[in-house]
Amino acid sequence: MQIYVTNDYEAMSRRAAAVMAAQVIAKPDCLLGLATGSTPVGLYRELAAGCAAGDLDFSHVRTANLDEYAGLDGTHDQSYRYFMNKNLFDHINIDKANTHVPNGKAPDLEAECRRYEALLKELGPADMQLLGMGHNGHIGFNEPADAFIAPTHVVELTESTINANARFFADREEVPKKALTMGVGAIMRAKRILMVVSGADKTAAVKAAFAGPITPRMPASILQLHPDVVLVGDQAALAGLLETGVAVCG
Ligand code: F6R
């Protein structure tokens with residue numbers, strides 16, 4: 001695992017964007033696995049700036065997102081499709097037909113999971129999978145559970161995740177209770193994982209995930225088994241992990 005520690009969120013965003021930009025430059029038709037949430041917003045802003053400056057070309061890039069809320073369609077301002085358009089796709093020269101997000105409005109969610117999993121297999125392994133991490137160690141919406149689940153599946157969100165998401169909704173009752181998520185299978189098939197973490201509130205989860213036991217109770221801990229993980233985080237988020245004496249790259 002390569003660990004990069006930065007002073008703050010902005011520096012984390014720049015460093016992580018540089019890692020992803022290098023991927024896009026090295027392989028212009030790469031498949032990027034993408035994440036939503038607060039953490040990658042700065043990274044996406046940096047990528048958009050790189051594209052505006054003419055340094056990055058997304059015209060052949062393909063993307064597949066990790067997850068989507070059940071019950072929200074892509075025009076809902078809290079849907080992850082809307083988030084991706086607003087934070088990245090509307091600002092880069094990507095062909096939206098090459099961007100994929102599970103359909104939260106599908107009438108049959110189980111069938112939608114099967115469709116998305118088949119699509120992921122057809123697209124092939126992601127060249128780079130971007131991940132954030134929940135306070136409980138979730139990746140995508142793979143919540144703490146008794147077992148790791150490999151394929152795309154429907155999840156009941158935990159209280160902790162619903163509470164964390166409530167900040168984006170006017171009323172807590174509006175926060176979706178279910179989501180569709182890529183399973184750990186497609187995440188672990190990615191050739192390279194780029195995880196971004198920021199803030200002191202993540203430090204316990206980051207330490208448990210990378211220095212604790214590998215267990216589905218801490219879903220991100222499965223990344224210890226991946227051969228190529230790049231972890232980019234600010235001091236506050238990495239403080240706990242750094243206490244364990246792990247080597248850092250910069
Ligand atoms: C969203 C996703 C989630 C988030 C996680 C952290 O697509 O995959 O696992 O990465 O909930 O969210 P933030 O970045 O808002 O702390």
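Predicted model: local features only at pLDDT ≥ 70, side-chain atom pairs only at ≥ 80, totals over all residues.
View 1. A backbone N or O atom of Gly140 is placed 2.7 Å from a ligand oxygen atom, and a polar side-chain atom of Arg167 lies 3.5 Å from an oxygen atom of the ligand. The protein buries 91% of the 410 Å² that the ligand exposes when taken alone (Shrake-Rupley method, 1.4 Å probe).

**View 2. The shell around the ligand.** Of the 15 residues around the ligand, those that come nearest are Thr39, Asp67, His138, Gly140 and Lys202 (a residue counts if one of its heavy atoms lies within 4 Å). By class, the shell comprises four nonpolar, eight polar and three charged residues; Gly is counted as polar.

**View 3. Cysteines.** Zero disulfides are found in a search of the whole structure (a disulfide is a pair of cysteine sulfur atoms within 2.5 Å). The closest cysteine sulfur to that of Cys30 is in Cys51, 13 Å away, which is too far for a bond. Cys30 is buried, at a relative accessible area of 0%, whereas Cys249 is partly exposed, at 46% relative accessibility (buried is under 20%, exposed over 50%, partly exposed in between; 1.4 Å probe, protein chains only).

**Notes.** Residues are numbered from 1 along each chain as its sequence is written, and side-chain values use heavy atoms, with hydrogens and water left out. Local features need pLDDT of at least 70 and side-chain atom pairs count only at pLDDT 80 or more, while totals for chains, interfaces and linings use all residues.

How values were computed: Polar contact = N/O pair within 3.5 Å; in protein donor to acceptor, adjacent residues only side chain to side chain.
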